[in-house]
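Here are my notes on the model, point by point. Please keep the structure open while reading.

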Amino acid sequence: MPVDIYWRIAMEGDAPALRLGDITRGGFGPHRPGALAPGADDGYGPLDYMAEVARATERAGFVGGLMPSFPETDDPWAAAASLAGETSAYRFMIAFQPGFLHPVQAARMSASLQAATGGRVVYNIISGGGGPQQLWWGDRVDHDDRYARTSEFLDVLKGVWNGPYDHDGRFYTVEGGALPPELRGQPFPEVYFSGSSPAAIAAAGRHADYYLSWLEPFDALAEKFAQVRAHSDTPPKFAVRVDVLARETEDEAWDEIRRGWARASDRASGGTESVGWKRGRSFTEGAGSSYRDLEVQPNVWGGFDRLRPGPLFGLVGDYHQVAERLDELVRLGVDAFILAGVPHLEEARRVGRHVLPLLKGRLS
Amino acid sequence: MTRVHVVAPTRAPAPVALPDFVTDVRPPARGPEHRATGRAAELGGLSGVLVPFDPGGHDALVLAAAVLRDTRRIGVTVEFSAAVTTPVYAAKLSASLQRYHAGRLAWWLAVDQDPAVARAHGDVLTGPARYERADEFLTIARGVWAGRGYSREGAHFAVLDGGLPDSRVDRPFPRVWLSGTSPDALALSARHADVHVLAPGDDPALVPDGVAAAVRLRFAGDADAFADQLRTYEAHGVTEFVVDPADPVADAYRLAEHVLPRLAKEAGNAG
């Protein structure tokens, strides 16, 4: 069975190096000397840089890119629809919450994008998060209810996709919903389903093609996969979101972390209220204050959240070590990866050239 | 200054078969000719393209993003209903389009939709409540657009401590287009519209003060007659025209090369 390897695309701008942190490429921040693609100044804006990343990602051997969605980022639908014509094979993994769009509108947008791209849309459906951030989005539905909504949302979306469809439910009412003739028959996007709470795991069993988790210590990850399997009649495939910092030598890789840590260790971590984030934090509770104390098992480092906003765990090591850890994850049952590195452009090229060719998969 | 917008196609054109003996290297068609229409409008100096909501066609927002990416100067107006998303998400998504595409997006909020079409798209609201919802939608969208710490609890939408991140790339709030001649429609326009679109025969005097009057017209291909028609409207204060073409790409060029010069000449700008 082939393994699909994606590469994240930054929706909030990019930094020149993980150890530097400052967003200087196509971001939201103030202009700095050396900034690339700020927009007005050079007529070369955020989307032009993203197009470069997408093209580099496609050339480097990845199947596509995860386009994340947070209050501080640009929007994945806007980016995917704007970039549809820039690549030929790149799959657009669009992160969204069912509360953002009505399912009929989501069906229309998705089918239109499928038509424009030849079927390259993938969903990353997020239901959880919560707390103040959820009200920032204008979403009043409670955490556990949001999984019920996600289920109903996907039912309606699929119903309309294969319409005509009538529905009278708790969250949505549709009468005679259907796609227009020239949008019918498009492949339904693959569903990557995120969420670490019990409600998420239960819903994933019903709707996910892939259950997507952030990287965790491998034992914890295996346990999580087992839980999802136990909750599903037909278990989904598994995907992991993994930051990688791979260099020719291990020392070089850790030196990047060391320098980044020296700059960032006093900064607040970019945490959220999600169950996944709290769970990730628990694996390094009681660890010492040195950056190396967060290496919970060889090459698995839990301090990435201090260097950039996002997940805690990633892989640090030389090209062979990183490839070996990815192979271990494949043997653990991982069917797809979403890898990431900063800057997204050069690191996509590096990982494509030096790490992906070393992978052995289930044969290793 | 008169502004002319051409309506982009939302459905694929009928396929044209080539004779068997003619080598055919055409790539597979991927939907409507919206991008070619946008490029024609840009090349010809039209003011913009309208991508309408067409229940039988491709999604307007997806088409509009592609037109924006293919052009640098024209405005792109996307028609949608306040039932398809939340004002926060509409603002979020549109702010990105504004950042990506030099602030050229406009919104046409469709309020008075056919009830059967609305229900098929999950919208069961009817009557004046639709105007109340549109008002709330535009109010909240502007609120979160303007900055941090915005809260509002409405009948249809809510937001707590919202507000889009600052952007150093200009991202002006989309120009707002509205339409309709009912008192509710005109009151909504008075509060929110930059452009109010009339049907042929509607009285331009209905358009609220401070709002640009537009008329949506069919173009049948006769440039002289069409220019005359536009000038008549101009004399009554109409400054924007939304043109439904018979053949979008060809008509965009026709409007540019044969209609716009006739308007300029009348205004004494032709040198």
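1. What percentage of the 364 residues of chain A count as buried? The figure is 54%. A residue is buried if 20 or more other C-beta atoms lie within 10 Å of its own, exposed if 12 or fewer, and partly exposed in between, with C-beta atoms placed from the backbone.

2. A word on the basis. This is a predicted model: local features need pLDDT of at least 70, side-chain atom pairs count only at pLDDT 80 or more, and totals for chains, interfaces and linings use all residues. Residues are numbered from 1 along each chain as its sequence is written, while chains are lettered from A and ligands numbered from 1 in the order in which they are written.

3. Overall build. Chain A has 12 helices and 13 strands. Helices (H or I, at least four residues) and strands (E, at least two) are DSSP runs, numbered from the N terminus. The radius of gyration of chain A is 20 Å, close to the 21 Å from the globule rule for 364 residues, so chain A is as compact as a globular protein of that length. That radius is taken over C-alpha atoms, and the rule is 2.2 Å times the number of residues to the power 0.38. The C-alpha trace of chain A spans about 60 × 50 × 45 Å along its principal axes.

4. Strand β3(A). All 6 of the 6 residues of β3 (91-96) in chain A are buried. One side carries Arg91(A), Met93(A) and Ala95(A); the other carries Phe92(A), Ile94(A) and Phe96(A). In a regular strand the side chains alternate between the two faces of the sheet. β2 (64-67) of chain A pairs with β3(A) in the parallel sense over 4 bridges; pairing needs at least two DSSP bridges. Met93(A) is the bridge partner of Leu66(A).

5. Helix α9(A). Gly276(A), Trp277(A) and Gly280(A) are buried in α9 (275-282) of chain A. They cover an arc of only 100° around the axis, which puts them on the same side of α9(A). The arc is that of the directions from the helix axis to the C-beta atoms. The cover over these buried residues includes β8 (210-214) of chain A.

6. The interface. In chain B, 45 residues are in contact with 47 residues of chain A. Contact means C-beta atoms, placed from the backbone, within 7 Å. α3(B) gives the most to the side of chain B that touches chain A, with 9 residues.

Notes:
Two residues are in contact if their C-beta atoms, placed from the backbone, lie within 7 Å.
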